[in-house]
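Please read them with the structure open beside you.

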Amino acid sequence: MPVALTAFLRQAVRRGRSVLLSVPLKLKILGLALALILLFGAVTIYKVQAALSENIEAFLREESRFVATELSYQSHDYLLINDVYGLTQMLRNTVQNRPDLRYVFVRNGAGQVVAHTFEGGFPADLLEKASRLSPQGSGPRLLRTNEGGIWEATAGISNGNEGAVVAGVKGDSLRRQIGVITGSLARTTLLVAVFGVLLSLGLTWIITRPVGRLLEATRAVRRGDYSVSLAPAESQDELGKLLEGFNAMVLSLASADKARLEKEHLQRDFLHRVMAGQEGERKRIARELHDQTG
């Protein structure tokens, strides 16, 4: 790593640490609670959405196989009597009754599409893909279309001798349900975040209120006012013990200050007496000198 980049990162870390330490305690607690709730909610939503998406894709894959197999048995009788109209109606009714089913079409033994559920004609690009499908059937495959992913499965009719049924399952309704569940989780996360912020406000008030009182009392003691006394805290946690220790410290400082004042008073009284004695001695000596001189 270049030296300049290392120095820049270190400076950024120091600035970030300085800014973080300068933030009030109330904001730190609120930010921590909110960040934890939002992070937990985001991870939960992501995990739930990923799990649901995986399960839905597996369900759609098996659904396409099941529908194609079921319709292959039902289509056999229609192809046997060459009832194309009845076969088409049966396919369309199946699509209407299954909201996740996007389309179904039937190929005869020659590979020609004889019935389908598309409105306005069979798509040309799908016809080209259908011509390459195996008549015996194939497992589900995921097609990428302009409508999104579609799981398509092929099931042969009479082992592929009479044709095949191709079913495409899109699963829009199931994917919409994922969106509904994700939105519900997001709303729940926001409600929990609001509730967490309210609880954090209460917690910060419980913590910062005695700390603020302690700060004001400390400033008063620094000015030399030892008459301050904090009311004992209702809680018996570290804050309560801290307030008790502060009150004991203030009493000790007040006693020490009182003892200092008394000592200073005694010193002044002693000095005053010494000075008075010296003054009397000087007067006595001066008087004796005056008498001897006379």
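Predicted model: local features only at pLDDT ≥ 70, side-chain atom pairs only at ≥ 80, totals over all residues.

1. Let us begin with the overall layout. The protein chain has six helices and five strands. Read from the N terminus, the order of its elements is α-α-α-β-β-α-β-β-β-α-α. The chain has 294 residues, and 27% of them count as buried.

2. How far does the predictor trust its own work? The mean pLDDT of the protein chain is 78, with 84% of the residues at 70 or more. Strand β5 (residues 164-169) has the highest confidence, at 89, while helix α4 (residues 124-130) has the lowest, at a mean of 64.

3. Next, the charged pairs. Side chains of opposite charge can pair when their charged atoms come close. The structure holds five salt bridges, and I will go through some of them in the next points.

4. Which parts of the chain does the pair E63 and R98 tie together? The side chains of these two residues meet in a salt bridge, at 2.7 Å from N to O. E63 sits in helix α2 (residues 25-80), and R98 in the loop between α3 (84-97) and β1 (101-107), so the contact links parts that are 35 residues apart in sequence. E63 is buried, because its relative accessible area of 15% falls under the 20% cut-off. R98, at 23% relative accessibility, counts as partly exposed.

5. A second salt bridge joins R141 to E152, whose closest N and O atoms are 2.8 Å apart. R141 belongs to strand β3 (residues 137-145) and E152 to strand β4 (residues 148-156), so this pair ties together parts that are eleven residues apart in sequence. Is E152 buried or exposed? At 2% relative accessibility, E152 counts as buried, whereas R141 is partly exposed, with a relative accessible area of 30%.

6. Elsewhere, salt bridges with shared partners join E63, E70 and R98 into one network.

7. Now the aromatic residues. The structure holds two aromatic pairs. In one of them, Y103 and F105 are stacked, with 6.2 Å between the ring centres and 15 degrees between the planes. Y103 and F105 are both buried. Together with F118, these two residues form one aromatic cluster.

8. What lies over the face of W151? The residue is R61, at 5.4 Å from the ring centre.

9. On the surface, a nonpolar patch is made up of F270, L271, V274 and M275, with about 410 Å² of accessible area together. L271, one of its members, is placed in helix α6. L271 counts as partly exposed, because its relative accessible area of 49% does not go over the 50% that exposed residues need.

10. At 63% relative accessibility, Y73 counts as exposed. How many residues separate Y73 from I157 in sequence? They are 84 residues apart in sequence, yet 6.8 Å apart in space, C-alpha to C-alpha.

11. My last point concerns the backbone. Most residues other than glycine have a negative phi. N82 has a positive phi of about 60 degrees, although it is not a glycine. N82 lies in the loop between α2 and α3, and at 61% relative accessibility N82 counts as exposed.

Terms used
Residues numbered from 1 in each chain as written. Heavy atoms only, no water. Phe/Tyr/Trp six-rings, centres within 6.5 Å; stacked < 30°, edge-to-face > 60°. Buried < 20%, exposed > 50% of the residue type's maximum accessible area, 1.4 Å probe, protein only. Lys NZ or Arg CZ within 6 Å of the ring centre and 35° of its normal. Salt bridge = Lys/Arg side-chain N within 4 Å of Asp/Glu carboxyl O. Helix = DSSP H or I, 4+ residues; strand = E, 2+ residues; numbered from the N terminus. pLDDT = per-residue confidence, 0-100. Patch = residues over 30% accessible without salt bridge, like charges linked within 9 Å, V, L, I, M, F, W, Y side chains within 5 Å. Areas by Shrake-Rupley, 256 points an atom, 1.4 Å probe, with all protein chains shown as cover.
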